[in-house]
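Hi,

Here is the structure I said I would pass on.

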Amino acid sequence: MKIKLNKEWWNTIKKFGGTMPYYCLPKNLQDLIDLVKQAEAESKRIKAVGSGHSFSDVAIPECYLVDLKKMDALLPLDRNSINEKYNNVNLVHVEGGMSVQKFNKRMEHQSLCVKNMGGLDDQTLAGAISTGTHGTGIDLPSFPGMVRSILIVSHGGKCLRIEPKDGLTNPDKHSETGVELIQDDQFFNSSLVSLGCFGIIYSFILEMEDMYYLEETKKLYQWSEVKPRLADRSLFHEADGTPIRGVMVQVNPYKNEDKDHTCIVVRHRILETMPSRYIGDATRNWISSVLSYFPLSYLYLKWVARNKPFKLPKMLDASLKSLRDKRYVNKGYRVLYQGAEYIKKRAYDSEFAFDLSNGKNNFIKALEAMFKKAEENIPEGLYQTAPMGLRFVDQSPAYLSPEYGRQVAYIDTPFVKGTPRLDEQLFAYQEIMLSEDGIPHWGKVNTILDGRPEIIKRYYPKLAEWQEVFNQLNPDRLFSNKFSDRLKLGDIV
Ligand SMILES: Cc1cc2nc3c(=O)[nH]c(=O)nc-3n(C[C@H](O)[C@H](O)[C@H](O)COP(=O)(O)OP(=O)(O)OC[C@H]3O[C@@H](n4cnc5c(N)ncnc54)[C@H](O)[C@@H]3O)c2cc1C
């Protein structure tokens with residue numbers, strides 16, 4: 001194992017990071033055990049990082065940084081030790097350091113596919129799962145929903161295989177040397193979204209779908225047409241009531257010539273098989289794809305934001321119109337990948353989840369309050385540099401997931417880096433979303449949580465149970481960092 005001393009490490013948006021005293025590149029499970037024991041013996045903190053794609057400082061280690069990029073292999077699955085009821089389930093055993101991108105390609109070779117994923121694929125599996133990364137689909141889970149078993153190295157270098165009660169592994173046949181099997185709902189549901197605070201995750205067993213094909217359509221609407229269909233949830237169904245697998249909305253916060261807001265509605269429908277003649281459908285709208293990959297479009301947007309910001313409302317309309325696409329058909333993960341990578345890596349956002357149960361529509365109120373705020377900011381020369389997004393996610397068993405026990409709508413509010421007074425604008429949006437009972441995404445900008453653990457207590461009904469597990473696996477705060485200290489995770493009463 002390589003350990004580099006005093007190496008610089010920054011998250012993707014270069015906002016958090018710095019010189020890491022010990023930058024460790026373990027190669028196997030034994031390296032992880034040795035590292036945890038070493039850090040513990042020296043009373044120094046240790047934390048794993050993924051690809052550094054979180055915009056908050058959730059991943060920033062203080063002393064030992066464990067980068068699992070060399071631990072990204074598929075692992076053998078011991079079918080003999082797995083309960084019979086899982087005989088016909090697609091299960092895959094994979095190291096946590098594998099990127100979503102590599103994972104998807106490896107799965108394609110086995111004709112398997114993720115149920116759902118975020119819009120990009122650079123995250124690692126462990127990073128995406130640990131913060132509850134999600135895509136869109138009101139009946140589809142976020143990443144943690146695919147997890148059936150977790151192997152984690154916790155304090156004392158203990159290796160724990162964590163599963164729900166009556167989980168995957170038959171305890172009578174469990175034969176992993178040096179690994180303790182814990183089958184307990186509280187442990188499992190807590191460990192799904194653990195923000196790196198429970199130890200270093202070595203591997204997951206994930207449940208996969210057979211490869212499927214999706215059709216994506218992107219249609220333009222006015223907000224006044226989309227809003228009632230969101231409010232009564234009819235946007236999630238075909239006219240005959242058939243559920244649509246995934247729906248996503250992007251909307252310009254500024255009014256257009258019709259005194260309305262331009263929206264694009266993205267729909268993902270499952271196809272039984274890949275049509276034999278799909279060549280024309282197998283590429284996305286090429287103009288928008290090319291532009292969004294091109295560095296100049298980012299630089300131009302930044303220049304406009306600084307020099308001619310009054311042009312931005314019309315530019316956002318034009319960019320939404322350019323996304324319009326008749327039809328794009330491909331394998332599931334390729335359609336779920338939304339592209340525009342160059343710009344997205346130079347932008348950041350806050351993203352809040354809103355409860356959809358019992359007909360609640362606070363997300364609509366929050367969104368419209370942000371439209372109003374965006375208009376109010378105009379006289380000050382402050383502008384939004386990207387459309388706002390709405391995505392929808394099914395409930396999750398993960399105690400620290402905003403969608404624990406209920407379906408949610410997520411609103412994201414992206415800004416291109418370099419937008420004047422970006423953090424101030426983002427903070428005002430966070431305040432609005434919180435006032436409508438929105439819950440911040442752990443991996444996005446969530447500065448509203450700073451010094452306010454009562455917010456976490458209010459919105460996470462299973463926080464006490466999560467903290468019990470936190471205190472068992474992280475009793476000396478070995479796996480904590482400034483983020484978890486500031487939020488008082490483990491100590492919120
Ligand atoms: C361009 C871009 C697009 C994005 N799109 C989406 C999206 O569509 N949907 C969405 O929900 N989010 C999205 N995000 C947010 C991102 O998916 C999450 O923040 C995710 O956690 C990042 O994964 P990562 O591998 O970079 O992990 P990091 O940010 O490096 O780490 C995240 C957390 O995981 C922990 N961790 C990482 N590896 C391990 C391990 N082996 N053991 C224990 N803990 C570990 C870290 O300690 C940290 O707490 C996006 C971010 C970017 C930059």
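Is serine 43 buried or exposed? Before you settle on an answer, keep in mind that this is a predicted model.

Serine 43 turns out to be exposed, as 9 other C-beta atoms lie within 10 Å; the cut-off for calling a residue exposed is 12 or fewer. You'll find serine 43 in the loop between helix 1 (29-41) and strand 3.

Aspartate 437 sits in the loop between helix 12 (422-435) and strand 21. With 17 C-beta neighbours inside 10 Å, aspartate 437 counts as partly exposed.

One more loop residue while we're at it. Arginine 477 is in the loop between helix 14 (463-473) and helix 15 (482-486), and it is partly exposed, with 17 other C-beta atoms within 10 Å. Its C-alpha atom is separated by 9.9 Å from that of leucine 489, which is 12 residues away along the chain.

Now for the ligand. The shell around the ligand takes residues from both domain 1 (1-210 + 450-493) and domain 2 (213-446), so the ligand lies between the two. There are 33 residues around the ligand, and those that come nearest are Gly50, Gly118, Gly127, Gly196 and Gly443. Sorted by class, the shell has 19 polar, 11 nonpolar and three charged residues. Strand 3 (46-49), helix 3 (125-131) and strand 11 (200-210) each put in at least two residues, and helix 3 has the largest share, with five.

Strand 9 (residues 159-163) is worth a look as well. Five of its five residues are buried, so strand 9 is largely enclosed by the rest of the structure. Both of its faces are covered: Leu160 and Ile162 are buried on one side, and Cys159, Arg161 and Glu163 are buried on the other.

What does strand 9 pair with? Strand 8 (residues 147-153) is an antiparallel partner, joined over four bridges, with valine 153 bridging to cysteine 159 in strand 9. Strands 8 and 9 make a hairpin with five residues between them, and glycine 156 in the turn has a positive phi of about 75 degrees. Strand 10 (residues 179-183) pairs with strand 9 in the parallel sense, over five bridges. There, isoleucine 162 is opposite isoleucine 182 of strand 10.

Elsewhere, eight strands form an open sheet with antiparallel pairing, in the order 15-12-14-13-18-19-17-21. Helix 5 (residues 223-231) lies across strand 12 (213-222), strand 13 (246-251) and strand 14 (262-271), and runs at about 120 degrees to strand 12.

Cheers

Technical notes
Residues numbered from 1 in each chain as written. Predicted model: local features only at pLDDT ≥ 70, side-chain atom pairs only at ≥ 80, totals over all residues. Near = placed C-beta within 6 Å. Nonpolar A, V, L, I, M, F, W, Y, C, P; charged D, E, K, R; others polar. Domains from an automatic or database assignment. Pairing = 2+ DSSP bridges. Contact = placed C-beta atoms within 7 Å. Axes fitted to C-alpha atoms, helices over the stretch in contact; angles between N-to-C directions. Buried ≥ 20, exposed ≤ 12 C-beta atoms within 10 Å, placed from the backbone.
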